[in-house]
Amino acid sequence: ERRITHDDINWLQIGWGPIKSARSGVYLNMGRPWGLFPVTRNGQLAGVQARCPTQYLDDQGIKYYFHPACRKKTVVFNLDVATQIGIGVLCEGVFDVAAIGKPGVCVFGHTPSITQKRLLAANLQGVIWLPDTDVTPTLDAPAIARSQITEWNAAGVFTKGAHMVLLPEKDAGSMTRQQVWETILQQVPPTMQEYILKEVVPKL
């Protein structure tokens, strides 16, 4: 359903299997399997986020698990790979990253923390932010993205700038990789378009 390919499994190093709670030693969700997404920083394992597929959940089940040895707001998923490409395409979740491809990075939520913003600024030449588009009375993710991008660009944080792209679907995970990049190319400025076509597309 998520269109995860063997290539995605390899570059994201996705695992699969049951999880024991690090605190209690008890298998979570009665030992049912999880997708395991390792988070690396400078080539070293920094944390693991796990996702339990919907078909294995019941009313008492846990959908997300982040290993307690790492606070999720202190890391950026797939930043090591995106750094090699030069730009990061910022989104909310690990399956969005898989849909975007190797430049995809996620902050496990709508708003990057101070630490995550520092990591992005220190490692990337530019950011393209794909906020979730399902605006609710209590959450406007595009407004959050727009405000932060304005702040970044005013301060000249990224040499290639920060840019917001609004997708026609809720998030990148709801689209194919080709659809995501066609939408990005339609909305970013010409200088970023040129960089993407020359430096990013051949690596997707």
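A polar contact is a pair of N or O atoms within 3.5 Å; within protein, one must be able to donate a hydrogen and the other to accept it, and residues adjacent in sequence count only if both atoms are side-chain atoms. Here is one to look up: the side chains of Asp-132 and Lys-170 make a polar contact at 3.1 Å.

Before we go on, a word on the model. It is a predicted one, where local features need pLDDT of at least 70 and side-chain atom pairs count only at pLDDT 80 or more, while totals for chains, interfaces and linings use all residues. Residues are numbered from 1 along each chain as its sequence is written, and side-chain values use heavy atoms, with hydrogens and water left out.

**Around Asp-132**

You'll find Asp-132 in the loop between strand 7 and helix 5 (141-155). Helices (H or I, at least four residues) and strands (E, at least two) are DSSP runs, numbered from the N terminus. Contact means heavy atoms within 4.5 Å. Setting aside neighbours within four places in sequence, Asp-132 is in contact with Glu-92, His-110, Ala-141, Pro-142, Lys-170 and Asp-171.

Buried means under 20% relative accessible area, exposed over 50%, and partly exposed in between (1.4 Å probe, protein chains only). Now look at strand 5 (residues 87-91): five of its five residues are buried, so this strand is largely enclosed by the rest of the structure. In a regular strand, side chains alternate between the two faces of the sheet. For strand 5, both faces are covered, with Ile-87, Val-89 and Cys-91 buried on one side and Gly-88 and Leu-90 buried on the other.

Which strands does it pair with? Two strands pair if DSSP finds at least two bridges between them. Strand 5 runs parallel to strand 7 (residues 126-129), joined to it by four bridges, and Ile-87 has Gly-126 as its bridge partner there. Strand 5 also pairs with strand 6 (residues 104-106) in the parallel sense, over three bridges, with Leu-90 opposite Val-105. To get from strand 5 to strand 6, the chain passes through helix 3 (residues 94-100), and this β-α-β crossover is right-handed. That term applies if, with the strands pointing away from the viewer, the path from the first strand over the helix to the second runs clockwise.

**Comparing some residues**

| Residue | Relative accessibility | Class |
|---|---|---|
| Asp-132 | 5% | buried |
| Thr-183 | 8% | buried |
| Leu-119 | 18% | buried |
| Glu-182 | 40% | partly exposed |

Thr-183 sits in helix 6 (residues 177-187). Not counting residues up to four places away in sequence, Thr-183 touches Val-165, Leu-166, Leu-167, Pro-168 and Met-175. Glu-182 is in helix 6 too, and the C-alpha atoms of Glu-182 and Met-30, 152 residues apart along the chain, are separated by 42 Å.

Leu-119 belongs to helix 4 (residues 114-123). The C-alpha atoms of Leu-119 and Val-76 are separated by 7.5 Å, and these residues are 43 apart along the chain. Leaving out residues up to four places away in sequence, Leu-119 touches Thr-74, Val-75, Val-76 and Leu-79.
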